[in-house]
Amino acid sequence: MNAAAGERAFGHARGQAAIMYGLTFVCVVEAFGMAVLLRDYPTAHAVMLFVDVYSVILMIGIHAASVTRPHVLSPDALRVRQGAHRDLRIPLSLIDAVRAERLFTHEPADGVLALPVASTTSLTLTLTEPVTAVGLLGKGREVTTVRLQADEPEALHEALRQHLAARAAPSQAGAN
């Protein structure tokens, strides 16, 4: 999780690690089971071996994408990521509020982007203006609320809260 100078990385894959490793193990066991069951059918065995190896590589790749692509807080934006298929840049000037709240259900709603890990989100960002969230197939939609998971939500919440306080301080100083 490398971040450039002035940036901080916040991981979000810890909650899915056990599930991903467990599913990978199950795929490996299934591959051996199918090899035994299909030993007398070489064509079927070859096809299933290909599917099983592909499944193991896919599981490892999905988890690796989440581990190597953390959320990144820079001086001017927060990049919210989910594996290899979601990368949303939110200018810090558009963040109105940040709440630490653990949610386990995420009903689809207009203007809300939920990026759960293991069906959980830990932070909710409310934006002053919509940003365009582009999906896996390139379809964009406008969102004003972003729910995301962080391995250390307290640290990300505090960093965002400090930014909001610093942004509000100059306007309060000018009012005095």
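Okay, let's start with a pair of strands. Strand β6, residues 112-115, runs parallel to strand β8, residues 140-148, and the two are joined over 4 bridges. If you want a spot to look at, find L115: opposite it, in β8, stands L148. Keep in mind that this is a predicted model.

Now stay with β8, and look at another partner. Strand β7, residues 121-134, pairs with β8 too, but in the antiparallel sense, over 8 bridges. Which residue of β8 is the bridge partner of T126? That's T145. β7 and β8 make a hairpin with 5 residues between the strands, and in that hairpin G138 takes a positive phi near 90°.

A quick reminder for anyone new to this: strands in a sheet pair through backbone hydrogen bonds, and they can do so parallel or antiparallel.

Next, the other group of strands. Here we have an open sheet of 4 strands, in the order β1-β2-β3-β4, with antiparallel pairing. Which strands sit at the edges? Those are β1, at 8-10, and β4, at 86-91, and each of them pairs on one side only. On average, neighbouring strands in this sheet are turned by 15° against each other, if you ignore direction. Inside the sheet, β2 (residues 71-73) and β3 (residues 77-82) pair in the antiparallel sense over 2 bridges.

Let's move to the surface. There's a nonpolar patch formed by V47, F50, V51, Y54, L58 and I62, and together they have about 580 Å² of accessible area.

Okay, zooming out to the whole chain. How many helices and strands does the protein chain have? It's 3 helices and 8 strands. Following the sequence, you'd read the pattern as β-α-α-β-β-β-β-β-β-β-α.

And the overall dimensions? The C-alpha trace of the protein chain spans about 85 × 30 × 25 Å along its principal axes. The radius of gyration is 21 Å, whereas a compact globule of 176 residues would come out near 16 Å. As for what's tucked inside, buried residues make up 35% of the 176 residues.

So, to go back to where we began: β8 pairs with β6 in the parallel sense, and with β7 in the antiparallel sense. That's it from me, thanks!

Definitions and conventions
Residues are numbered from 1 along each chain as its sequence is written. This is a predicted model: local features need pLDDT of at least 70, side-chain atom pairs count only at pLDDT 80 or more; totals for chains, interfaces and linings use all residues. Side-chain values use heavy atoms; hydrogens and water are left out. Two strands pair if DSSP finds at least two bridges between them. Patches are made of residues with over 30% relative accessible area and no salt bridge: like charges are joined within 9 Å, nonpolar side chains (Val, Leu, Ile, Met, Phe, Trp, Tyr) within 5 Å. Accessible areas come from the Shrake-Rupley method with a 1.4 Å probe; for residues, only the protein chains shown count as cover. A salt bridge is a side-chain nitrogen of Lys or Arg within 4 Å of a carboxyl oxygen of Asp or Glu. Axes are lines fitted to C-alpha atoms, for helices over the stretch in contact, and angles run from 0 to 180 degrees between N-to-C directions. The radius of gyration is taken over C-alpha atoms; the globule rule is 2.2 Å times the number of residues to the power 0.38. Buried means under 20% relative accessible area, exposed over 50%, partly exposed in between (1.4 Å probe, protein chains only).
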